[in-house]
Structure formats: structure tokens, C-alpha cells
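Please look over the sequence and the structure before reading on.

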Amino acid sequence: MTNDLKESFILDSPPAPAALAAKVRTLAPSMTRSMQRVAEAVAGDPAGCAALTVTGLAELTGTSEATVVRTARLLGYPGYRDLRLALAGLAAHQESGRAPAVTADIAVDDPIADVVAKLAYDEQQTLADTAAGLDTVQLGAAVAAAATARRIDIYGVGASSLVGQDLAQKLARIGLIAHSHTDPHLAVTNAVQLRSGDMAIAITHSGSTGDVIEPLRVAFDRGATTVAITGRPDGPVTQYADHVLTTSTARESELRPAAMSSRTSQLLVVDCLFIGVAQRTYETAAPALAASYEALAHRHTPRTTR
């Protein structure tokens, strides 16, 4: 997806107010420091910022009016006026009785019950943010391409490779030819065999993992339909992606690194992709699933002892 297309899509599809906080969390790491100050201000105090003019918000954040407008556009709004309307909507949503926020920072000496509660809250927030920010138009296009693909190659390393393997086995169980490649050399050598009618999916939270970008680039050059599942919609991987599916960038801590926080949102996206494909291919997917269940049924039957 080119930068021009991304810009056009962003301006044509401003996010709903409820998606604003999620979008700030996702895009903040790629913003300049001055733009981060604006984004953090509007996400932290939507009601207060909604009452400010563009000049007032610039003064509050120690930035310029131009920076405020650029931030609004990056967040998906044509201008600051549209951002103010969204802020007012978000403030009204927050005042409607939503439960107070819970910190998910986990201390070394936290009781296990607190660890469970904090992780559960953070996982829920990550899923909500991902769902709010997921571009359903891009998802629908990826589903349509996957449903008719001759073969699907999936690239991921580290924690992302586990998500790739999960997607591959799900697609295989509904009769699609799907392979997850974790070895970067094998990923590239397989990518050169792809062509139009095939699909390649890259999973990388950072959007800059070279071992994932390289095979996706090769697949892109070979004419395959390419998809990037990433937490950085402006990352290098998106240069070679026909469709970009953005995951939430959850807050990290010493005991909860990016590999944990990104996995939750990635699994939601691949599950959405899988269900969409299963819906489109239901006539063949349903019998394939039934056959796989039947083939494994004897393994789940308790053995009788003599």
C-alpha cells in the first residue's frame, strides 16, 4: 500500500470516537515527540481538549498549530474540527459509567491474584483496542484474496511465528494449502515460487523485522497478494503489503514484554481472518472441518482399562 493510498484512505474514513484512544496507543510510537504530546493530551483528557481551539491545544502542549493539525490528520481526521467532535463523543462515552481504569503494571512482589487480575484487564484492553482500530475494509479484502488463493505462505519469527503457525493449521483444516515459515532462508526460497493468485502474510509487531520483510518483498515482486499484520502501520513491512491489518500496541512492562502484549492482538486478527475465509468457503470448509474432527475423534475417546 503506497503512502498516497494510505493518506487517501485515512482522510476518507475517520475513526469513530471510541477508536480514538486505541489509535493513539497504536500510532504514538511512530510520531515525533511534539505530536506525541498532542496525542497524549487528547487521549488523556478528551473533554478538556474538546473545549480548546487549535491555538489553545497548541499552547497547552507546547507545540504549534501546524503540529496539532498534522496530529489530527495522522489520527485519521480531515482537520482539527473533526478531531474535536470525536473528542466530545469520547468524553461523553467515558462519562456514561464506564469502570475506572486499572493499572496493569506488574510488580515483582505482586500476589498471584493481582497478577491474574492485571493481566486479564490488560488482555481485555488490548483486544478492545485492536477491534476498535481494525480496518474492516482491509480485512474484507484480505479475506477475499485468501479464500481463492492457490496457496498461502505465512512469515513470522519469535512470538509472531507461533501466531503464524496457528493461522496455518486453522486454514489447513478447512482445506486450504497454507504453510508457516519460521526459517528465514526457507521463507525466501518458498516466496520465489509464488505468483499471481497466491498469498503471502507477514506477521511482525514492530513492522521492521528483516527476516519477515524480505520474503514478503519477494512475494510482492512475484505478484502474490500480500498482507502485513503489524502494530506499526507506517513500518517498513507495509511497503510490500497490498493490505495492512493493524494490531494494538499494548503497554509493555519489565515482566510483560512486547512478545506477550502483541501476541494477544495478533491472535484476534488471524482469528478474524480465518473466520472470514471459513464463511466465504463454507461449502467446502464445513465438510473439511467435519472430516478433520472425525479423523481425530478416536484420540479423544477415553481408553478402557482391562
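Leaving aside its neighbours within four places in sequence, which residues is A58 in contact with? They are T63, S64, E65 and V68, where contact means heavy atoms within 4.5 Å. The model is a predicted one, in which local features need pLDDT of at least 70 and side-chain atom pairs count only at pLDDT 80 or more, while totals for chains, interfaces and linings use all residues. Residues are numbered from 1 along each chain as its sequence is written, and side-chain values use heavy atoms, with hydrogens and water left out.

**Overall make-up**

- The secondary structure comes to 14 helices and 5 strands; helices (H or I, at least four residues) and strands (E, at least two) are DSSP runs, numbered from the N terminus.
- Of the 306 residues in the protein, 44% are buried, that is, under 20% relative accessible area with a 1.4 Å probe and protein chains only; exposed is over 50%, and partly exposed is in between.
- Among contacts between residues at least 6 apart in sequence, 72% join residues at least 24 apart.

**The sheet**

- An open sheet is formed by 5 strands in the order β2-β1-β3-β4-β5, with parallel pairing; two strands pair if DSSP finds at least two bridges between them.
- β2 (178–181) and β5 (243–246) stand at the edges with a single partner strand each, so one side of each has no neighbour in the sheet.
- On average, neighbouring strands of this sheet are turned by 15° against each other, direction ignored; axes are lines fitted to C-alpha atoms, for helices over the stretch in contact, and angles run from 0 to 180 degrees between N-to-C directions.
- Helix α9 (residues 136–147) packs on the sheet and touches β1, β3, β4 and β5. The direction of α9 makes about 125° with that of β5.
- Helix α11 (residues 184–191) lies across β1 and β2 and runs at about 150° to β1.

**Strand β3 and its partners**

- In strand β3 (residues 199–204), 6 of the 6 residues are buried. One side carries M199, I201 and I203, the other A200, A202 and T204, and both faces are covered.
- Strand β1 (residues 152–155) pairs with β3 in the parallel sense over 4 bridges, and I154 has I201 as its bridge partner in β3.
- β3 and strand β4 (residues 225–230) run parallel and are joined by 6 bridges; A200 stands opposite T226 in β4.
- A right-handed β-α-β unit is made by β3, helix α12 (residues 210–221) and β4. A crossover is right-handed if, with the strands pointing away from the viewer, the path from the first strand over the helix to the second runs clockwise.

- β4 is mostly covered, with 5 of its 6 residues buried.
- Between β4 and β5, which run parallel, there are 4 bridges.
- V227 has H243 as its bridge partner in β5, and T230 stands opposite T246 in β5.

**Nonpolar cores**

- The largest nonpolar core has 30 residues, of which I152, L171 and I201 touch the most other members. Such a core is a set of buried Ala, Val, Leu, Ile, Met, Phe, Trp, Tyr and Cys residues joined through side-chain atoms within 4.5 Å.
- At least two residues of this core come from each of α9, β1, α10, β3, β4 and α13 (258–280).
- Not counting residues up to four places away in sequence, L171 touches I152, L176, A178, F274 and V277.
- Another core lies apart from the largest one and has 22 residues, among them V24, V38, A50 and A58.

**Single sites and helix α3**

- A58 sits in helix α5 (residues 54–61) and is buried, with a relative accessible area of 4%.
- A58 and V69 are 11 residues apart in sequence, and their C-alpha atoms are 9.5 Å apart in space.
- S161 sits in helix α10 (residues 159–173) and is buried at a relative accessible area of 9%. Not counting residues up to four places away in sequence, S161 touches G156, S180 and T182.
- Helix α3 (residues 33–44) has 12 residues and reaches 16 Å from its first C-alpha to its last, close to the expected 16 Å; the expected span is 1.5 Å times one less than the number of residues.
- The buried residues of α3 include M35, Q36, V38, A39, A41 and V42.
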